Amino acid sequence: MKKELIKIIKKAGKILKKGYYSNKDVTFKAKKDLVTKYDVAVENYLKEKFTKKFKEFNIIAEESDNTNIEFNNSIIIDPIDGTTNFVNGVPHTAISVGVYKDKKPYLAIVYNPILDELYEAKIGKGAYLNGKQLKVSDETELQKALLATGFPYTSGSNEDDLNDVVKKIKDILPLCQDLRRLGSASIDLCLVARGTFEGYYEMNLKPWDVSAGVLILSEAGGKITNINGEEYNLFEDKYIVATNGKIHDELIKNLNLL
Ligand code: IPD
Ligand code: CA
Ligand code: CA
Ligand code: CA
């Protein structure tokens, strides 16, 4: 299944790449939340191919109506993760596809067609970037850790969320090497898998933002939990905390300062 998935996703990557260098029809789902005709075009292409090839799976996708779709055996798609980057010409933007069997991650692909970087993982078989196996960083000290985070779209309208973002930056920034905001959750998780970042946290993500990245990171030796250090639930948890495993407890402790 993985080979076929990759073939389809690479073709969809051509649509994304063409859009990246063209004029985009941008519309607003909310004040900060953009969507373009290319988000829809990539999603439609993937859905059409996956429905034909992988009949036993339901499809959950960002730009579709997902009401009453069973998650148990599903392919969860983010057609363009990092739409704001895509619109503004920042090359951190990717197609993210996670395959779930019996509610558990089975296969994952994150493909950035601008940089031609394809991250992939299969449960129990390791994680790879363009064929090269990935391993998380060995850093054990939070003070030396390069972290990434993201700002939820709700920070433009929900004061509690905005205050929470600011509070956590205030708590964490003095305690780590530095903090990045690259603008694509799926790529952030892959960069922890790659050892570029030691850790990453963010609030209010959707299942398609992280459905693939969580498997890629865990297969590279990383750890993913909610903010209490418990198993992360794609559909229910407000916060994701994802690290190389070695700074996890210290990061969790400092994200929970009152
Ligand atoms: C967004 C990106 C971003 C994250 C947002 C996501 P989208 O996804 O992953 O990094 O901070 O919370 O919604 O809308 O570009 O697919
Ligand atoms: Ca979006
Ligand atoms: Ca996304
Ligand atoms: Ca998206």
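Mentor: Domain bounds come from an automatic or database domain assignment. This model is predicted. Here the protein is divided into domain 1 (2-133) and domain 2 (142-255).

Trainee: How far apart do the C-alpha centres of domain 1 and domain 2 lie?

Mentor: They lie 20 Å apart. The contact takes 32 residues from domain 1 and 24 residues from domain 2.

Trainee: What makes two residues count as in contact?

Mentor: Their C-beta atoms, placed from the backbone, must lie within 7 Å.

Trainee: Which element gives the largest share of the side of domain 1 that touches domain 2?

Mentor: Strand 6, with 5 residues. Other elements give two or more residues to that side, including strand 4 (74-81) and helix 3 (83-88). By class, this side of domain 1 has 17 nonpolar, 9 polar and 6 charged residues.

Trainee: Why is ligand 1 said to lie between the domains?

Mentor: Look at the shell around ligand 1. Domain 1 and domain 2 both give residues to that shell, so ligand 1 lies between them. Among the residues around the ligand are Asp-78, Asp-81, Gly-150 and Glu-202. The shell divides into 3 nonpolar, 5 polar and 4 charged residues.

Trainee: Is the crossing of helix 1 and helix 2 left-handed or right-handed?

Mentor: The crossing is right-handed. The two axes come within 9 Å.

Trainee: Which residues in helix 1 meet helix 2?

Mentor: Glu-4, Ile-8, Ala-12, Ile-15, Leu-16 and Gly-19. Their partners in helix 2 include Tyr-38, Tyr-45 and Lys-53. By class, the contact of helix 1 with helix 2 has 9 nonpolar, 1 polar and 3 charged residues.

Definitions and conventions:
Residues are numbered from 1 along each chain as its sequence is written. Chains are lettered from A and ligands numbered from 1 in the order in which they are written. This is a predicted model: local features need pLDDT of at least 70, side-chain atom pairs count only at pLDDT 80 or more; totals for chains, interfaces and linings use all residues. Axes are lines fitted to C-alpha atoms, for helices over the stretch in contact, and angles run from 0 to 180 degrees between N-to-C directions. Helices (H or I, at least four residues) and strands (E, at least two) are DSSP runs, numbered from the N terminus. A crossing is left-handed if the near helix is turned anticlockwise from the far one by less than a right angle, and right-handed if clockwise. Ala, Val, Leu, Ile, Met, Phe, Trp, Tyr, Cys and Pro count as nonpolar, Asp, Glu, Lys and Arg as charged, and the others, Gly among them, as polar. A residue is near a molecule or strand if its C-beta atom, placed from the backbone, lies within 6 Å of it.
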